[in-house]
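Please have the sequence and the structure at hand while reading.

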Amino acid sequence: MDEIEIPAHFLCPISLQLMRDPVTVCTGITYDRENIEKWLFSCKNSTCPVTKQCLLDHDLTPNHTLRRLIQSWCTLNASFGVERIPTPKSPIDRTQIVKLLTEAKRFPEKQLKCLTRLRSIAFEGQRNKACLESAGVVEFLASTMKHKTEENSIVLSEAAIEVLFHLTPSEAQLKALIYNEGFQFIESLLHVLRLGNYQSRAYATMLLRSALEVADPIQLISVKTVLFVEILRVLRDQISQQASKAALKLIVELFPWGRNRIKGVEGGAVSVLIELLLCTSERRTCELILIALDQLCGCAEGRAELLNHGAGVAIVSKKILRVSLVASDRGVRILASICRYSANARVLHEMLQVGAVSKLCLVLQVNCSFKTKERAKEILRLHSSVWKNSPCIPVPLLSSFP
């Protein structure tokens, strides 16, 4: 292929590669379908890449003549290693999708077959995704996911959630789902989190995070304990790194609202997060876990659970100065909350035993933020009378405390 020169008019102006499915836009310029669809639908552009003119519509007309010329050229140059491009499938249009949805609504027994077809359409290209969205597929999928009593309801929900995830609903669509469906959409996602397979639960977690990002404060305050239970189960099962990150970001975004910290503690958040922290060294994951634990230690229930876990104080102390500045700051904040509000003789002795006190002394001597050092200094000053005989605290440090 490298030994032969490809005619310039066979090349896509965007990729400069041989076109496999040439289509013409309203400005008269021809592009390869995959590239122009990405330009229009993924990158959200509304101009012609070559002429820079505004495209009044996004209709893509197949250039059959040019495609046949390219195919003939490929055949003539087969001896040079040029492979003949296959004749592309005709793209689906909105009318076909509407007909498919109407049939599924009229005949519930055909819903699974419809979802399978929608899945294949969604994977065929960006233009198909745009057609699906304009035909009301997002609303249909949300309706299909609603909790049912039939035995096959989870099968339908899993199929629907996969299509919905790959359609990547916009912020406006997610808002419409939340406000039009009320809590029913969230309940549908929880249904999949409870009963779905690993992949479906991963999709549900990521969709749940996207949905709650656009929810109003009332909805964030009103989430139930069961939501935290299911999200924490995703973390405990370690379904995938992507799902775990989404789950951690979700709880970090939810904990500051209303009584969500207490709901998280009741759902077992502290124990799950500590166990996860014990077995991970990935920087961002450690940071998110420590942020979540810091938020939970803002309430008495969270501090009590951390102190009741045999490895709680030890693993938090261990991560200080070993991960990042963010992790160190959050680790010191957690210890500060414990020392300020939950310290007793047993806790202070444990901090000494697991090396937390030594780590705080080290924080004062290395490159940390001013606030982190001030918190460490406050902790040491607060309990200097208990720890003053410890060999892990340098004498010059002791003399600086009253």
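The points below are grouped by topic and describe a predicted model.

**Packing of helix 3 and helix 4**

- Two packed helices are described by the angle between their axes and the distance between the axes.
- Helix 3 spans residues 94-106 and helix 4 spans residues 111-122; their axes come within 9 Å and cross at roughly 155°.
- Angles over 145 degrees count as roughly antiparallel, and helix 3 and helix 4 are therefore roughly antiparallel to each other.
- The crossing of the two helices is left-handed.
- On the helix 3 side, the contact is made by I97, L100, L101 and A104, while helix 4 contributes Q111, C114, R117, L118 and I121.
- By residue class, this contact comprises 7 nonpolar, 1 polar and 1 charged.

**Nonpolar cores**

- In soluble globular proteins, nonpolar side chains tend to be buried together.
- The largest nonpolar core of this model has 110 residues.
- L118, L141, L273, L293, L306 and M351 are the residues with the most contacts inside that core; L118 also takes part in the contact between helix 3 and helix 4.
- Leaving aside residues up to four places away in sequence, L293 touches V270, L273, I274, L277, L306, V316 and I334.
- A second, separate core has 20 residues, among them F10, V25, C48 and L60.

**R375**

- R375 lies in helix 22, which covers residues 370-382.
- With residues up to four places away in sequence not counted, R375 touches D329, V332 and R333.
- From R375 to L56, the C-alpha to C-alpha distance is 60 Å, and the two are 319 residues apart in sequence.

Terms used. Residues are numbered from 1 along each chain as its sequence is written. This is a predicted model: local features need pLDDT of at least 70, side-chain atom pairs count only at pLDDT 80 or more; totals for chains, interfaces and linings use all residues. Side-chain values use heavy atoms; hydrogens and water are left out. Axes are lines fitted to C-alpha atoms, for helices over the stretch in contact, and angles run from 0 to 180 degrees between N-to-C directions. Helices (H or I, at least four residues) and strands (E, at least two) are DSSP runs, numbered from the N terminus. Angles under 35 degrees count as roughly parallel, over 145 as roughly antiparallel, 65 to 115 as roughly perpendicular and the rest as oblique. A crossing is left-handed if the near helix is turned anticlockwise from the far one by less than a right angle, and right-handed if clockwise. Contact means heavy atoms within 4.5 Å. Ala, Val, Leu, Ile, Met, Phe, Trp, Tyr, Cys and Pro count as nonpolar, Asp, Glu, Lys and Arg as charged, and the others, Gly among them, as polar. A nonpolar core is a set of buried Ala, Val, Leu, Ile, Met, Phe, Trp, Tyr and Cys residues joined through side-chain atoms within 4.5 Å. Buried means under 20% relative accessible area, exposed over 50%, partly exposed in between (1.4 Å probe, protein chains only).
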